[in-house]
There are 2 protein chains.
Amino acid sequence: MSAREYDVIVIGAGAVGENVADYAHKGGLSAVIVEAELVGGECSYWACMPSKALLRSDAALRAARAVDGAKQAVAGAVDVAGTLRRRDRIAHEWNDQSQVDWLDGAGIDLVRGHGRLTGRNAVTVDTPDGLVELTARHAVVVSTGSAALLPDIPGLRDVSPWTSRDATSAKSAPQSLAIIGGGVVGAEMATAYASFGTAVTVIARSALLGGLEPFAGDAVRASLEESGATVLMGVETLAARRVDGAVELDLSDGRTVTADEVLVATGRTPRTGDVGLETVGLTPGDWLDVDDSLLVRGTDWLYATGDVNHRALLTHQGKYQARAAGTAIAARAAGRAVDDAPWGAAVATADHAHVPQVTFTDPEVASVGLTEAAARRAGRSIRVLDYDLSWIAGATTLADDYTGRARAIVDTDRDVLIGATFVGAGVGELLHAATIAIVGEVPLDRLWHAVPSYPTLSEVWLRWLEDYRG
Amino acid sequence: MSAREYDVIVIGAGAVGENVADYAHKGGLSAVIVEAELVGGECSYWACMPSKALLRSDAALRAARAVDGAKQAVAGAVDVAGTLRRRDRIAHEWNDQSQVDWLDGAGIDLVRGHGRLTGRNAVTVDTPDGLVELTARHAVVVSTGSAALLPDIPGLRDVSPWTSRDATSAKSAPQSLAIIGGGVVGAEMATAYASFGTAVTVIARSALLGGLEPFAGDAVRASLEESGATVLMGVETLAARRVDGAVELDLSDGRTVTADEVLVATGRTPRTGDVGLETVGLTPGDWLDVDDSLLVRGTDWLYATGDVNHRALLTHQGKYQARAAGTAIAARAAGRAVDDAPWGAAVATADHAHVPQVTFTDPEVASVGLTEAAARRAGRSIRVLDYDLSWIAGATTLADDYTGRARAIVDTDRDVLIGATFVGAGVGELLHAATIAIVGEVPLDRLWHAVPSYPTLSEVWLRWLEDYRG
């Protein structure tokens, strides 16, 4: 057994772990990162990047088909082989050398193997060459992410169900695919596979994209149905089995769905079951409860960043936490003041009610901050501003028969924006304006002077403000 | 001769005139608008809208061709007939009935004919049915816009040169087109006609897109050349003539360019030559000098909104001025306090250094606020943050081999953004985030918490901020 000492040990080399190690290292600390799988993590190989690759080809064709003068040059559907090949490239053929090189360049050591806490500031890594004992002078960061949750449906584990990893890394499109779950993963993969010609059936317990403004899920459902998919809502899956190679699912409405494969996308579970939490008084398999500097509550040395803390299961938000945690760790190690007041450099304040998300369905859904329902639940005084994006000149030039909708939630006590949702083709890049307005708490009277360029979709801002003033 | 009295008379029913009348009317005033051509104006029929229609079809195809899996379904070039047909629809076939209906609905009277000031608060309109005398109780607004400037090049007027109106309303694409001028109109029309298969030659006195960050014009020039166009820079046109139907242009470098048509896009001139300025002590043909409430200096009743005041020759900025002027006029008429402190509702503060613009070339160029050069000229303490957009994950998923660049200008005295420029495919909708950050004067420390969604191009914000902090 070999032993090494570092200032900081990070368990998990996804984008989040890499960033926390990098920020701690830039803050003057030595850092080692422990990874049992590919450096780069879920997002690079089995989530954000490959899923967007699977979706982008058809999205580009749809955009061209929606424009007279362009549509004449578009013949046929998306090329599945080309799309999968592109996905392979974007997932770096599941080879992490470029990420390993990045760690090298950043001055961060890598230990490949399964890491487990063995006590305060102590981690043992089970490597191919034997156990390696790591000791941290200042902090250990758990950044092991989350895994697909397999619900307790009789027979489900025995039918070799796909999880998000299988859906994003598949080498071919099945003839038919059942998807249990109508959240982001279910909706995005339904969109992708429907575009590949797969007969898709989505089985959702409630509406699609729950938690977002209801009109978002409604638009995605309508579009999926138009593309030939079946969307079942308010339905539970009661049992699963393989019959002659096909999966059969018994549903709560009495129906049976048959498909070549079934994708289970019903949520996530923290990868904390086997990281030695029990050695430091925590419960294996739990989400890790942290403060805004990402310090696990009740400790002064253990941090948790990214999905494992259950604050916001999104790569960009995890990276944001990583920047805060790395900054906090470096400051505390040096005995410097920690900038941990709200909106300080060492805290992830935006996690609470300022989280952006783009869902790359058809139409795209981009949201940040509070929905109407969330704002009302929180007892906020609000006004809801809705606008039909098809009325905007920029939509007219973007596509023939553009459809879309945008909603702003205004806090009427403070005259600032606290939420925004955009639904429509190409709305993803509209989101950051709302994120800045919300996080920056820019008064609506000042936003009045932020003139949107004509003719862009961003003119929805003018319409919202006119509506609010008028 | 008939005579009528209104609270406000607006000369010119472009988007700007319509808005100033509408805001004055909503402020409780009666309003009449005078228009000699089509209600809706230059932008609707001969500028923004048709030009974007001419550009959009090919842009959509380019975006699809840039994605493996999509490109296989794209065969051939843009369909010119389909593009022109779409342009015709977007320009409402040059029929203004829908705009007239909008005026009706908004409660604004329309007098069709050429309007001329005849003295304080007095306008005479030369209508098909004779002269109509209009009297304003409170204000007259000149909103007559601008026209293409024909430079004083020997022979140019005799070759029937195209102006922006001809380029945006052409019924077919010429075999060859020379374009004098490398500004926004020249660059956009070069992009459009090159995509139609027209042999395009751009003749520019300096670089393309002067006034913007130099890398913007460089990228557009490279792309035009790649698409087969010829771009001549640092060259003047000395003489023009028609020979056997073709236009010949003698250039300052000794070259002669021959083309079927020549588009002159060398600037704009105010449409104030024949609006009776001489009757109120002003000089016909001049730009009208206004204060921030758009009141012509030296008067207490005459306003000028839109291009004629030469503050910012852009539809969206003119509409912004219109909202301010309409608000100011209504307040002054009612004897109410005018909200005319900087950033008040009755002033166009953003005109000074907060003007956004999207140029729909290939690549797109989106800019707001000060360029590096402008900031240095103004003596500001700045830092320039440059980022190669191809390094962003969102660019990787958007297109294969994406190229682009983004620059932020930070005021280091105040730690706020004062300028931003984005160059690349699909960057138009990224702009409004920068406009809000600049106009909202959001401190960079707070922008740090405005997390861009992964994987979108908006992650350039994170890179800028890391660069600034790092």
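This briefing walks through a sheet, a helix, some salt bridges and the nonpolar core of the structure above. Please keep in mind that the model is predicted. Over all chains, a search of the whole structure turns up 82 salt bridges, and the largest nonpolar core holds 260 residues.

**A parallel sheet in chain A**

- Chain A has an open sheet of four strands, ordered β10-β9-β8-β14, and the pairing is parallel.
- The edges are formed by β10 (230–233) and β14 (261–264) of chain A, each of which pairs on one side only.
- On average, neighbouring strands of this sheet are turned by 15° against each other, with direction ignored.
- Inside the sheet, β8 (residues 176–180) and β9 (residues 199–204) of chain A pair in the parallel sense over five bridges.
- Across that pairing, A:Ile179 stands opposite A:Val202 of β9(A).

**Helix α8 of chain B**

- Helix α8 of chain B covers residues 214–226, and its 13 residues should span 18 Å at 1.5 Å a residue; the end C-alpha atoms are 19 Å apart, which agrees.
- The buried residues of α8(B) are B:Phe215, B:Ala216, B:Gly217, B:Val220, B:Ser223 and B:Leu224.
- Their cover includes helix α7 (184–195) as well as strands β10 (230–233), β18 (364–369), β19 (382–388), β20 (404–411) and β21 (416–424), which belong to chain B.
- After α8(B) comes B:Gly228, with a positive phi near 100°.

**A salt bridge between the chains**

- A:Asp68 and B:Arg85 form a salt bridge in which the closest N and O atoms are 3.0 Å apart.
- This pair joins two chains, because A:Asp68 sits in the loop between α3 (48–65) and α4 (80–90) of chain A while B:Arg85 belongs to helix α4 (residues 80–90) of chain B.
- The two partners can be read against the cut-off of 20% relative accessible area, under which a residue counts as buried. A:Asp68 is buried at 3%, whereas B:Arg85, at 40%, is partly exposed.

**Salt bridges within chain A**

- A:Glu372 and A:Arg407 meet through their side chains in a salt bridge of 3.1 Å, N to O.
- Distant parts of the chain are linked by this pair: A:Glu372 is in helix α10 (residues 372–377) and A:Arg407 in strand β20 (residues 404–411) of chain A, 35 residues apart.
- A:Glu372 counts as partly exposed at 21% relative accessibility, while A:Arg407 counts as buried at 8%.
- Another salt bridge brings together the side chains of A:Arg469 and A:Asp445, at 3.1 Å from N to O.
- Since A:Arg469 lies in helix α14 (residues 460–469) and A:Asp445 in helix α13 (residues 444–447) of chain A, the pair ties together parts that are 24 residues apart in sequence.

**The largest nonpolar core**

- The core residues that touch the most other members are A:Phe422, A:Trp461, B:Tyr193, B:Phe422 and B:Trp461.
- Leaving out residues up to four places away in sequence, B:Trp461 touches A:His432 and A:Ile436 in chain A.
- With that same exclusion, its contacts in chain B are B:Leu417, B:Phe422, B:Ala433, B:Ala434, B:Ala437, B:Leu447 and B:Pro452.

Methods
Residues numbered from 1 in each chain as written. Chains lettered and ligands numbered in written order. Predicted model: local features only at pLDDT ≥ 70, side-chain atom pairs only at ≥ 80, totals over all residues. Heavy atoms only, no water. Pairing = 2+ DSSP bridges. Axes fitted to C-alpha atoms, helices over the stretch in contact; angles between N-to-C directions. Expected span 1.5 Å × (residues − 1). Buried < 20%, exposed > 50% of the residue type's maximum accessible area, 1.4 Å probe, protein only. Contact = heavy atoms within 4.5 Å. Salt bridge = Lys/Arg side-chain N within 4 Å of Asp/Glu carboxyl O. Core = buried A, V, L, I, M, F, W, Y, C linked by side-chain atoms within 4.5 Å.
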